[in-house]
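Hello,

Here is the structure I promised to pass on to you. Please open it beside this email and follow along as you read.

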Amino acid sequence: MMQIEWDDKKCTSPRDCRKCLDACPEGVFMIYPRDGRKPGKVAGDWAIMPVFLTQCTACKICEEICPQNALTVSVES
Amino acid sequence: MCEFCIEHGQGTKWYLQTKNYAEELLNEERKRYITDFYERFEEMAADGLAAMDKLVPADLAVPKVGRSPIAEGMKQQHFGQVIPLEDVEKILDFTTSITRVHCVCRSLLHGVYDDRYCFNVATFKSDFWPKGVWEQWPDYSKGIEILTVEEAKKEFQKLDRNGLVHSVWHYNAPFIAAICNCAPTDCLGFRMMERGQRPFFKAEYVAAIDIEQCNGCRDCVKICPFGAIAYSPASQKCTIHQLQCFGCGLCRGVCALDAITLLDRNAIPVLAKEW
Ligand code: SF4
Ligand code: SF4
Ligand code: SF4
Ligand code: SF4
Ligand code: SF4
């Protein structure tokens, strides 16, 4: 299985960018509110998470498209 | 008949039974389940996907309904069935409240919060469903719309032409409360098929092409979300692979020559066992 590192210091507004979510041909990523969803509140602090990792081919399309260089794909030996 | 029709429909289509939409079913336990479902949707999805990764690859080779403990467990919790446009319309005719809401799968997979592909239906007025549930979370409740039956029918016709598969969903069997409009890349239910799981039944129908009518234009091939239609350069006609067809009826909607009809799945011996 591949490994994907997501750097939250570089990816500061995933809700506005969303490029990795739309570009990955295998639909590997999801986006979620890191602190959960609280009644009456707009969710803040969004995070990108690779969930369909078993399907990642390590094509690195996500790495290339990410405007913040926040993603690093590595092939597990 | 799919197993829900036998269990919850007395041998007729379970999703056309008004008793499966009844207010009495919305007890405290279900209310808790529904609230939890939307509040913790991302968490549950991530946990579920991680659990699927632990399954033996050989078990996942062919996506079959209820193949694993995960899809099997969902039959009780949250499970659906593909239905064609005419059956959507039959349901809309007996509901008294139709609310078009944001789609939680699209928000999770594409980060979009204004794609309202889910229609919450009810046969009763309630402060809890769907208004009370959605209003708890402003991210979700933004832009929810109340529709009349006629308005909802028009929207479904548009969605049909745009290649969205309609399906009914229950929240703890057999309480049905939503009709979804899904696409393979955008819906977690579809995406589970990539891991050999399927949390919904095929439709009670299967599509067939009358080759005497077909001119081989291939419009049907373009719209089929399940890759079930093949064009033969030899015959210059299309045919539908019956084991791959989910009976959604989208191909029929785009065929300008009316060459496609939906047949009763239950009347075809091999397909009657194919859910
Ligand atoms: S490497 Fe390719 S398959 Fe893997 S997550 Fe990135 S875009 Fe998707
Ligand atoms: S493409 Fe990069 S910056 Fe954009 S959401 Fe994905 S990880 Fe964040
Ligand atoms: S099942 Fe379909 S319409 Fe319903 S939330 Fe998921 S993708 Fe959206
Ligand atoms: S859309 Fe109709 S006419 Fe065109 S290929 Fe399909 S069945 Fe034939
Ligand atoms: S061939 Fe079957 S699955 Fe494909 S669009 Fe037609 S009815 Fe739907």
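Ligand 3 has these residues around it in this predicted model: B:Cys103, B:Val104, B:Cys105, B:Arg106, B:Tyr117, B:Cys118, B:Cys180, B:Asn181, B:Cys182, B:Asp186 and B:Cys187. A residue is near a molecule if one of its heavy atoms lies within 4 Å of it. In chain B, α6 (104-110) and β6 (176-182) are the elements that give two or more residues to this shell. Helices (H or I, at least four residues) and strands (E, at least two) are DSSP runs, numbered from the N terminus. By class, the shell around ligand 3 holds eight nonpolar, one polar and two charged residues. Here Ala, Val, Leu, Ile, Met, Phe, Trp, Tyr, Cys and Pro count as nonpolar, Asp, Glu, Lys and Arg as charged, and the others, Gly among them, as polar.

Two notes on reading the names and values: residues are numbered from 1 along each chain as its sequence is written, while chains are lettered from A and ligands numbered from 1 in the order in which they are written. Local features need pLDDT of at least 70, side-chain atom pairs count only at pLDDT 80 or more, totals for chains, interfaces and linings use all residues, and side-chain values use heavy atoms, with hydrogens and water left out.

Now for the other ligands. Around ligand 2 you will find residues including A:Trp6, A:Cys11, A:Cys17, A:Cys20 and A:Cys66. Both α1 (14-17) and α2 (19-23) of chain A supply at least two residues of that shell. Its classes are eight nonpolar, one polar and two charged. Ligand 4 is surrounded by chain B residues, among them B:Cys214, B:Cys217, B:Cys220, B:Cys238 and B:Cys255. The shell around ligand 4 has eight nonpolar, two polar and two charged residues.

Where do the chains meet? Chain A gives 25 residues to the contact and chain B gives 22 (heavy atoms within 4.5 Å). Together they bury about 2000 Å², 51% of it on carbon and sulfur atoms; buried area is the accessible area (1.4 Å probe) that two parts lose on being put together, summed over both. On the chain A side, A:Met30, A:Arg37 and A:Phe52 lose the most area to chain B, together 36% of what that side buries.

How many salt bridges are there between chain A and chain B? The count is one, and the side chains of A:Arg37 and B:Glu42 form a salt bridge at 2.8 Å, N to O (a side-chain nitrogen of Lys or Arg within 4 Å of a carboxyl oxygen of Asp or Glu).

Happy exploring!
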